[in-house]
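Please keep the sequence and the coordinates at hand while reading.

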Amino acid sequence: MRTYLDFEKPVAELEDKIEELRQLAAKDASMTISDEVARLESKADSLLRQNYTRLTPWQKTQVARHPNRPHCLDYISQLVTDFTPLAGDRGFAEDKAIIGGLGRLNDRPIMLIGQEKGADTEGRVRHNFGMARPEGYRKAVRLMDLAEKFKLPVVTLIDTPGAYPGVGAEERGQAEAIARSTDRCLSLQTPLIAVIIGEGMSGGAIALAAGNRVIMLEHAIYSVISPEGCSSILWRSADKAKEAASAMKLTAQELLALGVIDTIIPEPIGGAHREPLQTIQQTGIVLEQALAELDGKSASEIITARREKFLAMGRQGLL
Amino acid sequence: MDNKPMNWLTRVVRPKIQAVFRMRDTGESLWDKCPACDQMIFQRDLIAALNVCPNCQHHLRLDPKTRMDSLFDGARYDWLDEPVVAADPLKFRDQKRYPERLREAKRSTGREEAMRAASGHIDNLLCVVGVQDFSFMGGSMGMAVGEMFIAAAEKARALSAPLIIFAASGGARMQEGMLSLMQMPRTTIAIQMLREAGLPYIVVLTDPTTGGVTASYAMLGDVHIAEPNALIGFAGQRVIMQTIREKLPEGFQRAETVRDKGMIDMVVHRKDIRQTLSRILRMLMNKPLLPHGERRNMNGAFTPIALAAPPRI
Ligand SMILES: [Zn+2]
C-alpha cells in the first residue's frame, strides 16, 4: 500500500484508476487496456514531474518525512557490505536511535553512523523515531575515536526529528552529549562525510553532521528547528508551519545557495520513496566520489579544511 | 515565577506597588519588587548586590556592562569591536520582519546584539570575557553572537589569556535559520583552538541557558560554574511535558540539580563569582598566589592549614 501525501491526491486518483483497470483486465481476457493504461501512466508521470520539480518547502518537509522514504538501515543493507554493528556508549546504555558500525562501501572500510527512524510501528518504537538520547551521541563519539585510531573515514546518515526531549535524557546531559559529538566531528583526523537523507533537525542533527562534506538529498530538509516548532514560537500558533518552512530556508537548494551544504543528490521523479533503490545507489556514487576526493590528505589538512569551511559560513557574499 | 498565589500581603500591598511602578516610569522610583519573593527592595540595595535580592538571594538577570564592571579590576576594560554580520541573511519574516525585531531589541536594550566581549584584568590576570544578554532577543545565537564568541576566543589566543563566557540564551536565533545552527560548530572550532593553545575556557551558566547554546559552547568548558537556581538544559520544559505527558520532577533543569547530575562543577553565588574565577584561573595559568590570599607568614614559613575546616563539597 503506497502512502500518498495530500498534494499527491491527483496522482493517487490516476494510479487507483490504473490499478482498477488492471484488475478488470485480469478477470476479462477480452479487454485491451494497454493504451488506456499507458495514457494514464504518462499523465500520472507528468503530474508527478510537475509536482516534484517545484515542491514548496512545506511539501518537501512532508516528502522528507514520508514513511516509505528509505531510512538509514535501507542504505546500510544496499550500500554497505560486511556491516558489523557496534553497540553501546560503555557508560549507560545502547541507543538504537543511532546505528553505528564497521562496514565496507565498495570494498573500502568505513565507520558508518546513522540515525534510524524505524520502518513500522514496532521499529519506530525500537528506534525511538530517530530521536537519540545522550547515549546515542556518546556511542557516536566512541565510534569516531575508533575510526580515527584505525584511520577509517566516517560516513554519517542524518535523519532525525531532533534529539529526544525527555527527563532522563536531560538529566544525563543531552546538551553535553550533543556538544561533545559536534566537537568530535570537528577534531576527527579522518574524513567525515555527512548525508542528510531525510530530516536533519536542530542540534540532534548537527551533532553528527559537522563534516568535511555535507550532502543533502534533493528533497531532504535541514533546519534549526522544525517548522511546527518555529510556528508555535514565532507565530504563537501551531498552524503556520507552512509559512515557517518557507521562511527558514530549510531546503537543499536554499542551503546550497547559503553555503551551508556542499552537494545535492538528485532524487527520482516522485521522490526517494518511489524508487528507493535508485536513490540509494545514487547516494552511494556521490559518497564514493566524496571519499575519493579526500584520499591521501593528511590529518591536519583534513581538520584545517573542515574548520575553514565552517568558519567561512555566513561570512561571504551575504553582506 | 509570576503565577504564585496571591497572599494577603500582596493583595494589600499591590495598589502601593502600582503606585511605585508609576513613579518608576517617571524615573523617580527607589524601589523594585523581587519577582521571586515579592519583597520590595531599595533599588540602591539591588544594584549594590549585583541584582541579587537581599531578602531571598534570588539572582535577577544582569546586563553585560554591569557584569563586566563587577569582574574587572577597577571596572576598567576594553570592549572588543562588535563584528559586522549580514543583517538579515534569509530575508526572514514571521508576524514581523526580522530587521524590525532587531531594531526593537536594539531600542529596548540600548545594545547592538546579544553578546559583548571585553578584555582586561581580574586580580591582575589578563582575561577575555564574553557576556550574553538575555534581554536582547532572548540571548539568541545568530551570526553576531557566533562571530562575537569567535572574536573573543581569537583575542584570548592573541593575548595568551583565558576566556570566560557568561552564557544566557533561549537557544538559536530562528530568524537566521541554518546560519544560526551553524554557530554550534563554529563556536566549537574556536574552543578547539583555545584548547590547542593550552588556554583555559571557563563557562558561567546564568539564567537561563538552553537549546543550542547549552548544546555547544556552554557545555564545552574546562570548568562549568552556574549561578544559583539558573535554568540549564537542552529542550524546553513545555516540549518535554508534551512529549512525556507527565509532571516534571522538582528542581528539574535547575543549577543545583544539574550539578548533582554531574553536568556542572559548582553553583556559585554572584558575589563570589569573581574570586572563584580568579582563584581557578590563577591555578590553571600557573600564577602565584595573590598577596591577600598568602598562606606563608612573614618569615616565609608555611602556615599549616590542616586544622581548617575541610571544604564542603
Ligand atoms: Zn527575593
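Of the 319 residues of chain A, 47% count as buried; a residue is buried if 20 or more other C-beta atoms, placed from the backbone, lie within 10 Å of its own, exposed if 12 or fewer, and partly exposed in between. This is a predicted model, in which local features need pLDDT of at least 70 and side-chain atom pairs count only at pLDDT 80 or more, while totals for chains, interfaces and linings use all residues. Residues are numbered from 1 along each chain as its sequence is written, and chains are lettered from A and ligands numbered from 1 in the order in which they are written.

Chain A contains 14 helices and 8 strands, where helices (H or I, at least four residues) and strands (E, at least two) are DSSP runs numbered from the N terminus. Its radius of gyration is 21 Å, close to the 20 Å that the globule rule gives for 319 residues, so chain A is as compact as a globular protein of that length. The radius is taken over C-alpha atoms, and the rule is 2.2 Å times the number of residues to the power 0.38. Along the principal axes, the C-alpha atoms of chain A fill a box of roughly 70 × 50 × 40 Å. Of the contacts in chain A between residues at least 6 apart in sequence, 70% join residues at least 24 apart; two residues are in contact if their C-beta atoms, placed from the backbone, lie within 7 Å.

Chain A is divided into domain 1 (6–54) and domain 2 (62–312), with bounds that come from an automatic or database domain assignment. The C-alpha centres of these two domains of chain A lie 36 Å apart.

Within chain A, helix α6 (residues 134–149) has 16 residues and reaches 23 Å from its first C-alpha to its last, close to the 22 Å expected at 1.5 Å a residue; the expected span is 1.5 Å times one less than the number of residues. Among the buried residues of α6(A) are A:Y137, A:L143, A:M144 and A:A147. Their cover includes strands β2 (98–105), β3 (108–115) and β4 (154–160) and helices α7 (167–171), α8 (174–187) and α9 (203–209) of chain A. After α6(A) comes A:K151, with a positive phi near 55°.

A:N212 sits in the loop between α9 and β6 (213–217) of chain A. Why does A:N212 count as buried? A:N212 counts as buried because it has 24 C-beta neighbours inside 10 Å. Beyond its neighbours within four places in sequence, A:N212 has contacts that include A:P191, A:L192, A:I302 and A:R306.

Chain B is also described by domains: domain 1 (1–60) and domain 2 (62–286). In chain B, 5 residues of domain 1 are in contact with 9 residues of domain 2. The domain 1 side of that contact in chain B has 2 nonpolar, 3 polar and no charged residues. Ala, Val, Leu, Ile, Met, Phe, Trp, Tyr, Cys and Pro count as nonpolar, Asp, Glu, Lys and Arg as charged, and the others, Gly among them, as polar.

Finally, the two chains meet: 41 residues of chain B are in contact with 42 residues of chain A. On the chain B side, α6 (177–181), α7 (183–196), α8 (211–214) and α9 (237–244) each supply at least two residues, and α7(B) gives the most, with 6. That side of chain B divides into 26 nonpolar, 11 polar and 4 charged residues.
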